[in-house]
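Subject: Structure for your attention

Dear colleague,

Please find below the structure that I am handing over to you.

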There are 2 protein chains.
Amino acid sequence: MTNARFALDALADPTRRRILEKLRHGPRRVGEIAAGLPVSRPAVSQHLKLLKECGLVVQMPAGTRHVYAIAPQGLGELRAYLDGLWEDALAAFAAHVAQEKSDD
Amino acid sequence: MTNARFALDALADPTRRRILEKLRHGPRRVGEIAAGLPVSRPAVSQHLKLLKECGLVVQMPAGTRHVYAIAPQGLGELRAYLDGLWEDALAAFAAHVAQEKSDD
DNA sequence: ACTTACGGTAAGAGATAGCTTACCAAAAAT
DNA sequence: ATTTTTGGTAAGCTATCTCTTACCGTAAGT
């Protein structure tokens with residue numbers, strides 16, 4: 001999907017990757033996510049907003065606390081994109097090797 | 001691997017993604033890759049250098065012509081990283097759903 | 001040997017992205 | 001009702017990224 005395009009943009013930033021690592025094993029509150037990260041909490045909010053926009057995380061308000069979690073579907077679409085690219089590349093590589101042999 | 005980190009950085013740029021699309025079905029010369037792209041050939045050279053450094057493409061000099069191709073291995077490492085993240089997220093999601101049900 | 005074609009490198013400019021501080025809104029607690 | 005806690009938003013600064021033009025090296029062709 002073209003969504004993968006935005007997801008790849010999102011995954012380019014180290015801080016966003018660290019956020020996803022924090023969410024890897026379950027939902028977390030914003031404060032928990034920001035704790036330990038080398039940037040301010042507002043910066044984390046901005047990253048979460050972007051991650052939500054491209055479908056990599058989902059938000060569940062719980063009173064004044066906001067809980068975030070990885071959205072498996074968004075990550076799945078990205079995997080599908082890379083899988084397609086990978087399969088085509090493998091096929092092209094195999095074809096190339098075959099041609100190399102025939103050149104001997 | 002930590003290589004996935006750099007690969008994700010590389011895939012963030014639209015021009016680099018278009019380059020990979022051009023290489024998707026087989027090796028191409030630099031001139032062929034640059035043709036049709038909205039940037040100059042030196043820009044393409046710079047992108048190819050970066051893609052090579054993070055293991056997403058390989059370079060095969062053929063005289064004064066330089067042929068590039070997707071490196072299936074580099075792409076595979078990236079897939080592996082995303083697969084791990086995806087599997088953990090799915091498990092966490094399932095656990096979350098289960099807990100939701102037990103809360104009824 | 002000279003010329004042409006191909007492509008990598010360097011330097012500088014412009015755009016973009018991420019961070020910080022300051023501020024605001026809403027829910028919970030007292 | 002007031003205070004406290006939580007987190008999203010705005011504005012501005014800085015750093016980084018990508019682009020272009022200009023230049024150079026090397027291999028092939030004549």
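Which residues in α2(B) meet which residues in α4(B)? On the side of α2(B), the residues are T15(B), R16(B) and I19(B), and their partners in α4(B) are V44(B), H47(B), L48(B) and L51(B). Please bear in mind throughout that this is a predicted model. By class, the residues of this contact divide into 4 nonpolar, 2 polar and 1 charged. The helix α2 of chain B covers residues 14-23, and its axis comes within 10 Å of that of α4(B), the two crossing at roughly 80 degrees. Because angles of 65 to 115 degrees count as roughly perpendicular, α2(B) is described as roughly perpendicular to α4(B).

The helix α4(B) also takes part in the surroundings of the DNA. With 5 residues, α4(B) gives the most to the surface near DNA strand C. At least two residues each are supplied to that surface by α4 (41-53) of chain A and by α3 (30-34), α4 (41-53) and β3 (65-70) of chain B. There are 20 residues around DNA strand C, and those that come nearest are S40(A) and G63(A) from chain A, with G31(B), P42(B) and H66(B) from chain B. In terms of class, the surface near DNA strand C comprises 10 polar, 6 nonpolar and 4 charged residues.

Chain A has 104 residues, of which 30% count as buried. Considering contacts in chain A between residues at least 6 apart in sequence, 55% of them join residues at least 24 apart.

A7(A) lies in helix α1 of chain A. There are 23 other C-beta atoms within 10 Å of A7(A), and a residue is counted as buried at 20 or more, so A7(A) is buried. Apart from its neighbours within four places in sequence, A7(A) is in contact with C54(A), G55(A), L56(A), G74(A) and L78(A). By contrast, A7(A) and H25(A) are 18 residues apart in sequence and 20 Å apart in space, C-alpha to C-alpha.

The relation between the two protein chains deserves a separate paragraph.

Where the chains meet, 27 residues of chain A are in contact with 27 residues of chain B. On the side of chain A that touches chain B, α1 (3-11), β3 (65-70) and α5 (72-102) of chain A each supply at least two residues. Of these, α5(A) gives the most, with 16 residues. By class, this side of chain A has 18 nonpolar, 4 polar and 5 charged residues. Of the interface residues of chain A, 100% are also interface residues in chain B, so the copies meet through the same surface.

Yours sincerely

Note on methods. Residues numbered from 1 in each chain as written. Chains lettered and ligands numbered in written order. Predicted model: local features only at pLDDT ≥ 70, side-chain atom pairs only at ≥ 80, totals over all residues. Near = placed C-beta within 6 Å. Helix = DSSP H or I, 4+ residues; strand = E, 2+ residues; numbered from the N terminus. Nonpolar A, V, L, I, M, F, W, Y, C, P; charged D, E, K, R; others polar. Contact = placed C-beta atoms within 7 Å. Buried ≥ 20, exposed ≤ 12 C-beta atoms within 10 Å, placed from the backbone. Axes fitted to C-alpha atoms, helices over the stretch in contact; angles between N-to-C directions. Parallel < 35°, antiparallel > 145°, perpendicular 65-115°, else oblique.
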